[in-house]
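Here is a friendly note to read with the structure open beside you. Take the points one at a time, and find each place in the model before moving on.

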Amino acid sequence: MKIIKFMLKLIGLFTALNLLIILFFRFINPASTAFINYDLGLGSFFKTNYSENYSPVSLCNISRYMQLSVVASEDQRFFDHWGFDIAQIQKAIKENKKRKIARGASTITMQVAKNLFLWRSKSLIRKGMEVYYTILIELLWSKERILEVYLNSAELGDRIYGVKAAASRYFRSNPKKLNAKQSALLAATLPSPKKRNPSRVTPYLIKRQGEIIRQMNLLGGLEFIKRKVNCSSVF
């Protein structure tokens, strides 16, 4: 009984600590993420060129096209689900029985949970932790905040994290000025940004870019994202 009570207290303490951390990140941008620390090293935050790799900006300073492109390409039901797209999960399970390379069904919220708190290698333990953090993030953050953190933390090139760093590196622009084609091209690098480089456009990237633009239009274009996202109400 003592062991059980101790374990319950430990779980309660762990959950309370995580609630505080996630609540804190609802208002304050993370100085780094688990994935960045893994790739750049724990001391990367103190390097002078760190902002070239990761430099968060507010959702209001990110192009509507960029917001729309990641929703269209990564998670079209983002504004309707509570962190998990059950239809896509069921579809992936069914398709993976026939596929040599399994396809995932991660939502934007699940990817935020993974980027911020977890590690790259796949396992049942990591997937369980991903579910745990996804639930907490959906409970404590607005959809705008989730989208903002995703756009600032997603890897969009080899050791390039977030839209600001990607816009500067590939287009010598700022994230607010990204147009539809540029936004779709960045989204097309996902989920394999280390293999796909917008500076070296391949037939696959061009095809994928066109498909994302088509999906953006099918969703309703900028009017869709304007209805769903109030960038001034991130919190």
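**Notes on the model**

1. **The one disulfide.** Let's begin with a link between two side chains in this predicted model. Cysteine 60 and cysteine 231 form a disulfide, and their sulfur atoms lie 2.3 Å apart. A search of the whole structure turns up one disulfide, so a pair of sulfur atoms counts here when it is within 2.5 Å. The torsion about the S-S bond of cysteine 60 and cysteine 231 is about 95 degrees, so this disulfide is right-handed.

2. Which parts of the chain does the pair link? Cysteine 60 sits in the loop between helix 2 (34–40) and helix 3, while cysteine 231 is in the segment after helix 11 (221–228).

3. **The overall picture.** Now step back and look at the whole protein. It has 11 helices and zero strands, which gives the pattern α-α-α-α-α-α-α-α-α-α-α when read along the sequence. The C-alpha trace spans about 60 × 50 × 35 Å along its principal axes. For 235 residues, a compact globule would have a radius of gyration near 18 Å, and the protein agrees with that, because its own value is 18 Å.

4. **Inside and across the fold.** Of the 235 residues in the protein, 46% are buried. Contacts also reach along the sequence: among those between residues at least 6 apart, 70% join residues at least 24 apart.

5. **Helix 3 against helix 7.** Find helix 3 (residues 64–74) and helix 7 (residues 143–153). At what angle do they pack? The angle is about 90 degrees, with the axes 11 Å apart, so helix 3 and helix 7 are roughly perpendicular to each other. On the helix 3 side the contact uses Met66, Gln67, Val70, Val71 and Glu74, and these meet Leu147, Tyr150 and Leu151 of helix 7. By class, the residues of this contact are six nonpolar, one polar and one charged.

6. **A reminder about helices.** When you look at lists like the one above, keep the helical repeat in mind. An α-helix has 3.6 residues a turn, so residues three or four places apart point the same way.

7. **Helix 3 against helix 10.** Helix 3 also packs with helix 10 (residues 203–219), at an angle of about 100 degrees and with the axes 9 Å apart. That makes helix 3 roughly perpendicular to helix 10. Helix 3 contributes Tyr65, Leu68, Ser69, Val71, Ala72 and Ser73 to the contact, and helix 10 contributes Arg208, Ile212, Gln215, Met216 and Leu219. The contact of helix 3 with helix 10 has seven nonpolar, three polar and one charged residues. **Helix 8 and its neighbours.** Which residues of helix 8 (residues 163–171) are buried? They are Val163, Ala165, Ala166, Ala167 and Tyr170. The buried residues of helix 8 pack against helix 3, helix 7 and helix 9 (180–188).

8. **Arginine 26.** This residue lies in helix 1 (residues 2–27). Arginine 26 counts as partly exposed because its relative accessibility is 21%. From arginine 26 to alanine 165 there are 139 residues in sequence and 22 Å in space, C-alpha to C-alpha.

9. **Backbone details worth checking.** Most residues other than glycine have a negative phi, and most peptide bonds are trans. Arginine 159, in the loop between helix 7 and helix 8, has a positive phi near 60 degrees. With 41% relative accessibility, arginine 159 counts as partly exposed. Arginine 172 has a positive phi of about 50 degrees, although it is not a glycine, and is placed in the loop between helix 8 and helix 9. At 81% relative accessibility, arginine 172 counts as exposed.

10. **A cis peptide bond.** Which residues does it join? The bond lies between leucine 190 and proline 191, and omega is about 5 degrees. Look for proline 191 in the loop between helix 9 and helix 10.

How values were computed:
Residues numbered from 1 in each chain as written. Predicted model: local features only at pLDDT ≥ 70, side-chain atom pairs only at ≥ 80, totals over all residues. Heavy atoms only, no water. Axes fitted to C-alpha atoms, helices over the stretch in contact; angles between N-to-C directions. Helix = DSSP H or I, 4+ residues; strand = E, 2+ residues; numbered from the N terminus. Parallel < 35°, antiparallel > 145°, perpendicular 65-115°, else oblique. Contact = heavy atoms within 4.5 Å. Nonpolar A, V, L, I, M, F, W, Y, C, P; charged D, E, K, R; others polar. Rg over C-alpha atoms; globule rule 2.2 N^0.38 Å. Buried < 20%, exposed > 50% of the residue type's maximum accessible area, 1.4 Å probe, protein only.
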